[in-house]
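Visitor: I'd like to learn how to read aromatic rings in a model. Could you walk me through it?

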Amino acid sequence: MIKKDHILRFTNLSQFTSLVHGFSTRFFGSMPPSHPGYQESLKHFADALGINLENIVRMHQVHGNAVYFATDKDEGQIIDKTDGLLTSEK
């Protein structure tokens, strides 16, 4: 794991310059959708990643084994009851 600018990134994925990925740290604030500052925290994180907030696909993690294959139709959505997201979209 690499930590830079308060974002955690996988070392092996960081070699792909066209792949944007990262895990937020407490620096960005609380991220549960029920938290009052959630939207601001998510926007701050998206800006730090250099991506548009509307393009993010999020998930409601349940700590199981379900993986969802996301497409562009899922942009801005929260995928329920899943633990991983994959895509072939840019």
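This is a predicted model: local features need pLDDT of at least 70, side-chain atom pairs count only at pLDDT 80 or more; totals for chains, interfaces and linings use all residues.

Visitor: How many aromatic pairs does a search of the whole structure find?

Guide: The search turns up 3 aromatic pairs. One of them joins Phe10 and Phe23.

Visitor: And what should I look at in a pair?

Guide: In general, you describe two aromatic rings by how far apart the centres are and by the angle of the planes. For Phe10 and Phe23, that gives 5.3 Å centre to centre and 90° between the planes, an edge-to-face pair.

Visitor: Where in the chain do Phe10 and Phe23 sit?

Guide: Phe10 is in the loop between strand 2 (7-9) and strand 3, while Phe23 is in strand 3, so the pair links distant parts of the chain, 13 residues apart. Phe23 is partly exposed too, because its relative accessibility is 40%.

Visitor: Why is the pair of Phe27 and Phe28 edge-to-face?

Guide: Because their ring centres are 5.2 Å apart and their planes meet at 90°. Phe27, Phe28 and Phe45 make up one aromatic cluster.

Visitor: Is Phe28 buried or exposed?

Guide: Phe28 is buried, at 3% relative accessibility, whereas Phe27 is partly exposed at 44%.

Visitor: Which residues form the largest nonpolar core?

Guide: That core has 5 residues: Tyr38, Leu42, Ala46, Leu53 and Ile56. Leaving aside neighbours within four places in sequence, Leu42 touches Met31, Leu53, Ile56 and Arg58.

Definitions and conventions:
Residues are numbered from 1 along each chain as its sequence is written. Side-chain values use heavy atoms; hydrogens and water are left out. A nonpolar core is a set of buried Ala, Val, Leu, Ile, Met, Phe, Trp, Tyr and Cys residues joined through side-chain atoms within 4.5 Å. Buried means under 20% relative accessible area, exposed over 50%, partly exposed in between (1.4 Å probe, protein chains only). Contact means heavy atoms within 4.5 Å. Rings of Phe, Tyr and Trp (its six-membered ring) pair if their centres lie within 6.5 Å; planes under 30 degrees apart count as stacked, over 60 as edge-to-face and the rest as tilted. Helices (H or I, at least four residues) and strands (E, at least two) are DSSP runs, numbered from the N terminus.
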